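Let's walk through this model together, starting with a charged pair and moving on to the packing of helices. Keep the 3D view open as you read.

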Amino acid sequence: MALMRCLTRPSVLLCALPGTVAIAQPATPPAAAAATNPVIALPTDAALQAIANERVASGRYRGMVIGVLRPDGSRHVVTAGTGAGGAPLRPDAVFEIGSITKVFTGVLLAQQVVAGELRLEQPARELLPAGSTLPARDGREITLGDLSTQVSGLPPLPTNFMPRDQANPYADYDGARLLEFLRTVQPARAAGERYEYSNLGVGLLGFALSTRAGMSYEQLLTARVLRPLGLRETVVQLSPALRARLAPGHDGEGNPAANWDLDALAGAGALRAPVGDLLTFLAANVAASRDSPTGPLGRALALSHRRRAAAGSPVMGIGLGWHRLAAGADTAVWHNGGTGGYRTFAGFNPATGAGVVVFTNTSTPVDDIGVHVLLGRPLRAPAPWPAAVALDSATVQRHVGRYALTPAAVLEVMREGSGLVARLNGQAPLRLYPTAAGRYFLKAVDAQLEFELPADGGSATAVTLVQNGGRQRAARMP
């Protein structure tokens, strides 16, 4: 576990794995799930409203929009909380959708494959500017399909990713820096060997496709996917009218968060959209999931759904961008996303024809709501934060230090005023809140730190990170 900056786990976060999607796995095997949940009843509009109201009332979410596509094709949208200027959040509010962008990049690839312009097995190197390199490993070149299915062997982020502005970290990572990195990178494993979520990989795919087309990622996506599907408010660059509808983002503690801009890695997470456009997108995907896909881009959408690799567990697979969570006879085809001040989820169930979009303008996860709607999973109310206590200055000082989570990931705990903050490898610090000596929790992410304090009153000897049901101990560094 490590504090990571990643588009599915946005901003500076404690992630179970670097950049991975993190939907809880079923508590029962798929066969048992099918027997115990033979019919999935969609929540009523009143139930959806209650969910949104409860999340905002918990204090962990500033605002929320939930949109549901019902099997009869009707659309239902509920809102709670506040948007621009503290006004009630509007159903047509615009959000940064983060890594849901990766699905659109996968569809963009699929569209060109169906058109006979590209092949999934085509080396990605062939689409890069003349003179560019993309190293292979064990004789296996990285293909376009490898990039979209997260099996490229490339790391989550390039090693020369060093933002000038931590609040807008991707803005200055341009094509020149990406190509410079590709000249020296050595993939961790051969392409196709194993799933490892990579913002770099899908960002590179978007860069390669746009380079080949001689236009920006937004221009290419708009021409090939967005306009044909009728998505007229899904954009990278906001018009004045769309910017006026942008829901301001907030970090996990409720503080204002800057918007993110992506350059070379736009294909990994640059899009902004309202819920209505995403519901239109889901409706097209539901139609394409039928036996004989029709309509604009129907064959390309169907190609993007197809399971191509395992994605970290027996019940999780991946297509071109889309992830697939199996639960007996049902499957949720989905992706989540997030940037510094937003969390998002979009998915559909091909068996029922239902779809769901969940947006919040706070960096707090919403995946559980999406899975609840699509697969009928029980939904737990968010637990209230523990009550923070006051510790004397000497006790607070005992926790200060550097702790090695891994050889490359050092958690630094520092004083800030009368309290503590923690940061990983020079990234933005996150405030810690004490519940007792040696016990702290974070509001920015759902995680706790448990320090080992010696009986003699000396400094902590280790700390354990507790998150997502896992524990990782980090010894104090000299």
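Arg272 is buried, since its relative accessible area is 4%; buried here means under 20% relative accessible area, exposed means over 50%, and partly exposed lies in between, with a 1.4 Å probe and protein chains only. This is a predicted model, in which local features need pLDDT of at least 70 and side-chain atom pairs count only at pLDDT 80 or more, while totals for chains, interfaces and linings use all residues. Residues are numbered from 1 along each chain as its sequence is written, and side-chain values use heavy atoms, with hydrogens and water left out.

Which residue does Arg272 form a salt bridge with? The partner is Asp261, and the closest N and O atoms are 3.2 Å apart. The term salt bridge stands for a side-chain nitrogen of Lys or Arg within 4 Å of a carboxyl oxygen of Asp or Glu. Arg272 lies in strand S6 (residues 272–274) and Asp261 in the loop between helix H8 (240–244) and S6, so this pair ties together parts that are eleven residues apart in sequence. Helices (H or I, at least four residues) and strands (E, at least two) are DSSP runs, numbered from the N terminus. Asp261, at 34% relative accessibility, counts as partly exposed.

Now turn to the other salt bridges, of which a search of the whole structure finds 18. In one of them, the side chains of Arg473 and Glu452 meet at 2.8 Å, N to O. That pair links distant parts of the chain, with Arg473 in strand S20 (residues 470–476) and Glu452 in strand S18 (residues 447–452), 21 residues apart. Glu452 is partly exposed, with a relative accessible area of 29%. Salt bridges that share partners also join Arg90, Asp92, Glu233 and Arg245 into one network. The side chains of Arg177 and Asp172 meet in a salt bridge too, at 3.6 Å from N to O, and both Arg177 and Asp172 are buried.

Next comes helix packing, with helix H3 (residues 101–114) as our guide. H3 packs against helix H7 (residues 217–226) at an angle of about 65°, and their axes are 10 Å apart. Axes are lines fitted to C-alpha atoms, for helices over the stretch in contact, and angles run from 0 to 180 degrees between N-to-C directions. That angle makes H3 roughly perpendicular to H7; angles under 35 degrees count as roughly parallel, over 145 as roughly antiparallel, 65 to 115 as roughly perpendicular and the rest as oblique. On the H3 side the contact (heavy atoms within 4.5 Å) includes Phe104, Val107 and Gln111, and on the H7 side it includes Tyr217, Leu221 and Arg224. The residues of this contact of H3 with H7 divide into eight nonpolar, four polar and one charged. Ala, Val, Leu, Ile, Met, Phe, Trp, Tyr, Cys and Pro count as nonpolar, Asp, Glu, Lys and Arg as charged, and the others, Gly among them, as polar.

H3 also packs with helix H6 (residues 199–213), at an angle of about 40° and with axes 10 Å apart. H3 and H6 are therefore oblique to each other. Among the residues making this contact are Lys102 and Leu109 of H3, and Val202, Gly206 and Arg212 of H6. The residues of the contact of H3 with H6 divide into five nonpolar, four polar and two charged.
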